[in-house]
Amino acid sequence: MTQGIYRVEYNKMLTSDVRELRLSGDTGAITAPGQFVNIRLDGLFLRRPISVCDWDREGLTLVYKVVGKGTAALDEAEPGQDLDLLCGLGNGFNVEKCGRRTLVIGGGVGTPPMYGLAKALLRAGKEPVAVLGFNRKDEIFYEEEFRALGVETTVATVDGSCGVKGFVTAAMPEAYDYFCACGPLPMLKAVYAAAAAPGQMSFEERMGCGFGACMGCSCQTKSGGKRLCKEGPVLEKEEIIWPTPA
């Protein structure tokens with residue numbers, strides 16, 4: 001983890017409420033797809049965690065949805081503005097454990113880190129296959145970016161306005177030997193039940209500090225307690241314990 005100042009290169013609209021933010025700065029602390037940054041924003045006590053979509057030597061790309069005060073403030077960031085980031089947080093996807101034909105599944109704003117993962121899998125000589133899920137056609141983003149990588153990509157929409165009608169589980173292919181997924185909890189549970197292979201899943205959780213000090217995002221796994229901001233957000237399928245409803 002490093003703390004540093006990053007400069008906004010652009011902050012553009014992808015859909016009505018999803019933005020792509022490019023920042024220049026030190027990315028040396030980012031070692032795996034699925035890690036995140038924590039952004040300090042004026043007037044807000046807690047930093048806001050955002051998954052890393054992509055990165056290179058010059059900077060990183062974040063894709064976020066405007067849903068609250070933090071992301072609304074981030075939406076106001078303009079080119080040339082400086083942002084204070086904690087960078088390289090969390091435990092990302094382990095590419096070495098992924099299979100030759102790895103299914104990467106992204107649901108909504110769980111899609112961005114899967115793009116970085118797909119690129120890492122390609123660099124490792126593996127064959128990622130992507131399934132991207134959205135509620136409807138006007139919410140779709142990054143489909144063409146996945147295809148531009150040469151990745152076989154299927155889109156599912158709940159209302160059937162584009163691609164396969166239904167949830168991502170309706171679009172999961174039969175042939176794959178590993179999977180990685182990121183998205184809302186109901187999606188992850190459904191993928192967990194449907195997957196016929198081992199895999200890794202990235203979880204969302206409210207985070208106080210973002211680096212394991214406050215213990216606010218702790219969860220129980222088959223291998224003991226883990227902090228999702230530190231030992232997560234990526235957990236292996238085999239260690240997940242789903243909480244029972246109250």
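Is E9 buried, partly exposed or exposed? With a relative accessible area of 38%, E9 is partly exposed. Please bear in mind that the structure before you is a predicted model.

Let me first describe the protein as a whole. The protein is built from four helices and 15 strands. Its radius of gyration is 17 Å, close to the 18 Å that the globule rule gives for 246 residues, so the protein is as compact as a globular protein of that length. Taken along the principal axes, the C-alpha atoms fill a box of roughly 45 × 40 × 40 Å. Of the 246 residues, 51% count as buried. The accessible surface comes to about 11500 Å², and carbon and sulfur atoms hold 50% of that surface. Consider also the contacts with a separation of 6 or more: residues 24 or more positions apart account for 61% of them.

I now turn to charged side chains. Side chains of opposite charge can pair when their charged atoms come close. How many salt bridges does the structure hold? The structure holds 17 salt bridges. I shall discuss some of them in turn.

The opening residue, E9, meets R22 in a salt bridge, with 3.8 Å from N to O. E9 belongs to strand β1, residues 2-13, and R22 to strand β2, residues 18-24, so the pair ties together parts that are 13 residues apart in sequence. R22 has a relative accessibility of 11% and counts as buried, whereas E9 is partly exposed at 38%.

The next pair is D54 and K119, whose side chains meet in a salt bridge at 2.9 Å, N to O. D54 counts as buried, at 15% relative accessibility. K119, at 23%, counts as partly exposed.

What parts of the chain does the pair of K97 and E236 tie together? First, the contact itself: K97 forms a salt bridge with E236, and the closest N and O atoms are 2.3 Å apart. K97 lies in the loop between β6 and β7, while E236 lies in strand β15, residues 234-236, so the pair ties together parts that are 139 residues apart in sequence. K97 counts as partly exposed, with 44% relative accessibility, and E236 also counts as partly exposed, with 28%.

Salt bridges may also be linked to one another. Which residues are linked in a network of salt bridges here? They are R40, D42, R47 and D84. Let us look at R47, which lies in the loop between β3 and β4. R47 counts as buried, at 17% relative accessibility. Its side chain makes a polar contact of 3.0 Å with the side chain of D84. The side chain of R47 also reaches the backbone oxygen of N38, at 3.3 Å. Leaving aside neighbours within four places in sequence, R47 is in contact with several residues, among them Q3, I39 and L86.

Another arginine deserves attention. R19 lies in strand β2 and is buried, with a relative accessible area of 9%. A polar contact of 2.9 Å joins its side chain to that of D75. The side chain of R19 also reaches the backbone oxygen of S16 at 3.2 Å. Not counting residues up to four places away in sequence, R19 touches residues including N11, L62, Y64 and D75.

Is α2 mostly covered or mostly uncovered? It is mostly covered, as nine of its twelve residues are buried. Among those buried residues are P112, M114, Y115 and L121. The elements that cover them include β4, β5, β7, α3 and β11. Just after α2, G125 takes a positive phi of about 80°.

Definitions and conventions. Residues are numbered from 1 along each chain as its sequence is written. This is a predicted model: local features need pLDDT of at least 70, side-chain atom pairs count only at pLDDT 80 or more; totals for chains, interfaces and linings use all residues. Side-chain values use heavy atoms; hydrogens and water are left out. A salt bridge is a side-chain nitrogen of Lys or Arg within 4 Å of a carboxyl oxygen of Asp or Glu. Helices (H or I, at least four residues) and strands (E, at least two) are DSSP runs, numbered from the N terminus. Buried means under 20% relative accessible area, exposed over 50%, partly exposed in between (1.4 Å probe, protein chains only). A polar contact is a pair of N or O atoms within 3.5 Å; within protein, one must be able to donate a hydrogen and the other to accept it, and residues adjacent in sequence count only if both atoms are side-chain atoms. Contact means heavy atoms within 4.5 Å. The radius of gyration is taken over C-alpha atoms; the globule rule is 2.2 Å times the number of residues to the power 0.38. Accessible areas come from the Shrake-Rupley method with a 1.4 Å probe; for residues, only the protein chains shown count as cover.
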